[in-house]
Amino acid sequence: MSTSATFICAVFLIIFVAVEQTYATIDFKTLDHLKPSVSNETQAQAVKGLIQRLLPARASQFHVVVDKSIGPPNLDTFEVETTGSNEVTFTGTTGVAAASAFYHYLSTYCHCHVSWSGDQLDVPSQLPVVKPKIQVTSPNRFRYYQNVCTVSYSFVWWDWSRWEREIDWMAMNGINLPLAFNGQEAIWQRVYLQMGLTQQELDQFFGGPAFLAWARMGNLRGWGGPLPQSWHDYQLQLQHKILKRMREFGIIPVLPAFGGFVPGAFTRLYPEAHVTRLGAWGHFNKTYCCSYLLSPLDPLFTNISKTFLSEYIKEFGTDHIYNTDTFNEMSPPSKDPEYLAAASKAVHDGMLGADKDAVWLMQGWLFQNGFWGTTEIKSYVLGVPLGKMIVLDLFAEVRPVYQKANSFFGQPFIWCMLHNFGGNLGMYGAIDSVNKGPEEGRAFPNSSMVGTGLTPEGINQNYVMYDFMNKMGWRNQSVPDLQIWFKNYSHGRYGSSSHGSERAWDILKGSVYNSTDGHKDHCKGIVIKKPSLKLDPSLWYDWKDVVEAWGNFLNATKEKVSLQNSETFRYDLIDVTRQVLQDCAYCAFYKKLLKHWSDRDAEGVRQEGDNLLQLIDDMDLILSSNEHYLLGKWIKSAQALATNQTEMDLYEYNAKNQITLWGPDGNILDYGNKMWGGLMKSYYKSRWQLFVDSLYNSTVEHRKFNQDAFNNAVFKIESAWTFDKTVYPVVPKGDPVGISQQLFQKYKPIIDKVTEDCRSGHSVRSEDKPSGLSGEDFMTRS
């Protein structure tokens, strides 16, 4: 070990002993500077602007005040009170608190709803009266939002209009600590060019737009690129708007920092630097894999970190909290406690070089890996002074780490609901765990919990879980009666009550939204998997419960005809229809298909194969009836950011590759899958058509089915699709209610004939694991 490294470790050991003895009494005054950076009036004006955008015809009836004296220090508080004839005043300790007061009034008193999948804003002409005033204080200092992957799976093609709506949504839901990662490649470009690297060398380093999250984390390099200069310029402009609006609300944006990953050409400039070539991730070939990691113990590490962060702060300002993750899904080179402590200390020291008040927000995702035992976690988190690191317990609703890590040995942590992988659309939730978890986290002995958070890899799915989790950020205790909560959710989301919709949500609450067996990543029906003879449906619930909920949704349209035109209801009806058909594909057709193939019944193979292919067509039909489920909109939003044809082709390829092959060779095949209109018929059906034909031919010709030969043939179809220039619809087609009714009449008799339990076993099958990852690593797949 070098002299400098020995010195670092010695210093750490002194700090380690001191903080270990006292962490239980720390009140985290070290976080007090993480607060709104603008005046109360600026925050109030931002909330007024939000109300004007959401309810322009009614905005004059609402008044906003920001007054931090109405609540305790560091805990957001809001008040709602009727203050005039048909007028309501919202007061908050911050702009976020005041915006939360507004949305609390809308959702609780006016039964309105705002979501990723549509709004229901039927505000009564006579505003409901709130007398005496109500006051709500959050038990959590922070309500966090985003996974480092969300920026790629969901946000990548957003323009300012979409960002503006999302920031409004954040404020209304109490989120005061989100990631703000745009524009960092432009800053790195400046830094590295000034150091002497060439643009060509940077083009081999930066990932493409749809893969930036993993390039930033060192999982890959260069894939999907090169990034055009127009991308850098646009992201700089966009980030200025994003940060300005966040700060106007009193939101505290989390900025990016240096994690140690450098271009391969870095060693050309610094041949003596301690740079390690990492192993392959996701089976990427040598062109794109095996990133270069500058050792945190190398003096260059803190210098580069300081240079980058100083340049970033010069461009955008700072709110003193930064995120980076050095060992995401990759094991450190040593388990030595001194090394781990010195490594984390170096990361934080690099931040301190640019900002003496820097706090490191770290994803606790790495601790899901088997490398990290209690000793290793302790060494790593205590390498940073207490209160200068916040750990996101990223997957706390399924596998909380704070319990085995003794509340992260005193470092503050945020209890997070991850919920979603890859932006997949399947219905899933662990509602009981989410309901009880935050309260249990706060009650843990010597708890250092300072907040709650949403950390999905992708959004635009299962909104009920995110609405629930956002509300948990304002609660001291779990919800005592989930049935009532879901009933109120249904009323607000649709603007009216009906027995059918309430019954449907009650069924879903106890079924698909209540996974209690520790399953993960359930959102992968067989129709979106590469066909094989060994597919598992990832069913942990009785799928006929969802069928019953489907029938109740349709009954609701007869009880309340107005529901047929409800944007949010139509979205949910499509979602439950899609879920049933997804399950039906396995339970009613796939299993029979394999049975006929096993029996060498060629006509049976053809019949069940045709039934399965028709089902995929029907899924495409229902999904194409709503704008939120259209492949064409994803592709168009990517193309819209291009300034020329070359960029348009690059962005379209990025958009298509991410949701299908995920890499040049199907490296993480289907991990980012989407059940979208246009995608079902053009991509997934083509694969299944080849599979059915292959099974039929092998039966007729009395030969074995060759999975390897099929995989090679289907890869050609998959790869060709990512380059194909077919234009997909961006406008929905058809009446979703009418289509859903027709599909119910068609498939309900078929479903009734299925008597076998289709549920999966209580383990994840090997074919469900992303390529190149095993056992424990599957859990920690980004």
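Within strand S14, Val359 is the bridge partner of Ile321. This is a predicted model, in which local features need pLDDT of at least 70 and side-chain atom pairs count only at pLDDT 80 or more, while totals for chains, interfaces and linings use all residues. Residues are numbered from 1 along each chain as its sequence is written, and side-chain values use heavy atoms, with hydrogens and water left out. Helices (H or I, at least four residues) and strands (E, at least two) are DSSP runs, numbered from the N terminus.

The bridge at Val359 is part of a bit of pairing: S13 and S14 run in the parallel sense, joined over three bridges. Two strands count as paired if DSSP finds at least two bridges between them. S14 itself covers residues 359–363, and five of its five residues are buried. Here, buried means under 20% relative accessible area, exposed means over 50%, and partly exposed is in between (1.4 Å probe, protein chains only). In a regular strand the side chains alternate between the two faces of the sheet. In S14, Val359, Leu361 and Gln363 point one way, Trp360 and Met362 point the other way, and all are buried.

Over in another part of the chain, four strands make an open sheet with mixed pairing, in the order S1-S3-S2-S6. The edges belong to S1 (62–66) and S6 (134–137); each has a single partner strand, so one side of each has no neighbour in the sheet. On average, neighbouring strands here are turned by 20° against each other, direction ignored. Helix H2 (residues 40–54) packs on this sheet and touches S1 and S3, its direction making about 155° with that of S1. For such angles, axes are lines fitted to C-alpha atoms, for helices over the stretch in contact, and values run from 0 to 180 degrees between N-to-C directions. S2 (residues 77–84) and S6 run antiparallel and are joined by four bridges. Along this pair, Val80 stands opposite Ile134 in S6.

With a relative accessible area of 15%, Thr89 is buried. What is Thr89 in contact with, leaving aside its neighbours within four places in sequence? The list is His63, Val65, Glu79, Val80, Glu81 and Thr83, where contact means heavy atoms within 4.5 Å. The side chains of Thr89 and Thr83 are also joined by a polar contact of 2.7 Å. That term stands for a pair of N or O atoms within 3.5 Å; within protein, one must be able to donate a hydrogen and the other to accept it, and residues adjacent in sequence count only if both atoms are side-chain atoms.

Next comes helix H24. Its 17 residues (707–723) should span 24 Å at 1.5 Å a residue, and the end C-alpha atoms are 25 Å apart, which agrees. The expected span is 1.5 Å times one less than the number of residues. Phe710, Val714, Glu718, Ser719, Trp721 and Thr722 are the buried residues of H24. Seen down the axis of H24, they fall within an arc of 160°, so they line one face of the helix; the arc is that of the directions from the helix axis to the C-beta atoms. The other side of H24 has Asn712, Lys716 and Phe723 exposed. An α-helix has 3.6 residues a turn, so residues three or four places apart point the same way. As for packing partners, the buried residues of H24 pack against helices H21 (631–639), H22 (645–658) and H23 (679–700). At the N-terminal end, Asn706 caps H24, with a side-chain oxygen 3.1 Å from the backbone nitrogen of Asp708.

Most residues other than glycine have a negative phi, and most peptide bonds are trans. The bond from Lys131 to Pro132, however, is cis, with omega near -5°, and Pro132 is placed in the loop between S5 (118–120) and S6. Gly225 and Pro226 are also joined by a cis peptide bond, with omega about 0°. His320 is not a glycine, yet it has a positive phi of about 75°. For His419, phi is near 70°, and this residue is buried at a relative accessible area of 2%. His419 is found in the loop between strand S16 (413–417) and helix H14 (431–443).
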